[in-house]
Amino acid sequence: MTDTPPAPKRRAARKPAAAPEAAPPPPASSPGWLARHGAQTAIAVSAIALGLSVWASFGGGFEARVRTYLVENPQILDEMVQARDQQAATQRIERLNAGIAALPQVLEPGPGEPVFGPPDAAVTVVEYFDYRCPYCKTAAPGVMELMRTHPDVRFVFREWPILDAGTSTVSQHAARAALVAHSQGKYLAVHQALMAEGALSHEAIDRILAENGVDTGPGGAALNAPSVSRILADVQAGAGAVGMDGTPTFFINGRASASNAPEAIAQAIAAAR
């Protein structure tokens, strides 16, 4: 049994919000700025220090002029960090695309995975996500809207619970709950409720399952069914094989998206047709 994507709304839906962009960092002189920006800022500062030591060899007050210029234009440090971030993001996408090119079967949905849309669709969108990921939660309404406005596109939902730490198993519990819901034809309702839940916990997950009429069997046995464990193990193995390192990660026809904003996904869908 499979559930059906929600029908188009009668009123125009509000434009889905894009994943939040990082706020511009405060000036380099702000207290705690270096601590908040960590290793990348340290690299930028080291580069400037190295440059100053080299420039000092030119003599004639050159070092003093450079220092004055940097003090008067602290945004240069911000620009260096931003350039470093952009370079890292570009390298990440290139690495993912190379990994998928070598192992394209990783993106093929396995038995029991949540898949919606025509099996012979010209465009397939695959999303790797964790229900505790704030960026996944931000993108979720937009993904639902994309499903409504692109009924000819196949959407594959990859349950990838990677945010548990220590003894926490909330992400794992949520993923298992969603897969059990899918086996009973109730995936989309449960998926949206889990994404909308701000303070996700075992209790909240169980409540969402109950509200949507999902039966987990005696003692929640369905949550630990071998079929559910196999899906999660396969997803983890595939993600590791291609070097995936964060959520959400979107692929459109086997190409990693540089953005998780629904608008960017829509543009990639249009380009892939």
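**Arg-148 and its partner.** I looked up the side chain of Arg-148 and found a polar contact of 3.0 Å with the side chain of Glu-145. I note that this is a predicted model. I placed Arg-148 in helix H4, which covers residues 134-149. Is Arg-148 buried or exposed? The relative accessible area of Arg-148 is 16%. The cut-off for buried is under 20%, so Arg-148 counts as buried.

**Helix H4 and its neighbour.** Next I followed H4 to helix H9, residues 262-272. The two helices pack at an angle of about 30°, and their axes are 9 Å apart. I recorded the crossing of H4 and H9 as right-handed. Which residues make this contact? From H4 I listed Ala-139, Gly-142 and Leu-146. From H9 I listed Pro-262, Ile-265 and Ala-266.

**The whole protein.** I then stepped back to the overall layout. I counted nine helices and five strands. Read from the N terminus, the order is α-α-α-β-β-α-β-α-α-α-α-β-β-α. The protein has 273 residues, and 39% of them count as buried. I put the accessible surface at about 14,500 Å², with 58% of that area belonging to carbon and sulfur atoms. I also checked how far apart in sequence the contacting residues lie. Among contacts with a separation of 6 or more, 79% are between residues 24 or more positions apart.

**The sheet.** The five strands form an open sheet in the order E1-E3-E2-E4-E5, and the pairing is mixed. As a reminder to myself, strands of a sheet pair through backbone hydrogen bonds, in a parallel or an antiparallel way.

**Strand E4 and its partners.** I looked at E4, residues 249-252, against E2, residues 124-129. How many bridges join E2 and E4? I found four, in the antiparallel sense. Val-126 has Phe-251 in E4 as its bridge partner, and Val-125 stands opposite Ile-252. E4 also runs antiparallel to E5, with two bridges between them. There Ile-252 has Arg-255 in E5 as its bridge partner. E4 and E5 form a hairpin with two residues between the strands.

I checked both faces of E4 for cover. Thr-249 and Phe-251 lie on one side, Phe-250 and Ile-252 lie on the other, and all of them are buried.

**Helix H6 on the sheet.** Helix H6, residues 187-196, lies across E1, E2 and E3. I noted its direction as about 55° to strand E3, which covers 154-159.

**Asn-212.** My last entry is on a loop residue. Asn-212 sits between helix H7 (202-211) and helix H8 (226-241). Its relative accessible area is 23%, and Asn-212 is partly exposed. Which residues does Asn-212 contact, leaving aside neighbours within four places in sequence? I found Lys-186, Ala-189 and Val-190. Asn-212 and Lys-186 are 26 residues apart in sequence, while their C-alpha atoms are 7.4 Å apart in space.

Key
Residues are numbered from 1 along each chain as its sequence is written. This is a predicted model: local features need pLDDT of at least 70, side-chain atom pairs count only at pLDDT 80 or more; totals for chains, interfaces and linings use all residues. Side-chain values use heavy atoms; hydrogens and water are left out. Buried means under 20% relative accessible area, exposed over 50%, partly exposed in between (1.4 Å probe, protein chains only). Contact means heavy atoms within 4.5 Å. Accessible areas come from the Shrake-Rupley method with a 1.4 Å probe; for residues, only the protein chains shown count as cover. Two strands pair if DSSP finds at least two bridges between them. Axes are lines fitted to C-alpha atoms, for helices over the stretch in contact, and angles run from 0 to 180 degrees between N-to-C directions. A polar contact is a pair of N or O atoms within 3.5 Å; within protein, one must be able to donate a hydrogen and the other to accept it, and residues adjacent in sequence count only if both atoms are side-chain atoms. A crossing is left-handed if the near helix is turned anticlockwise from the far one by less than a right angle, and right-handed if clockwise.
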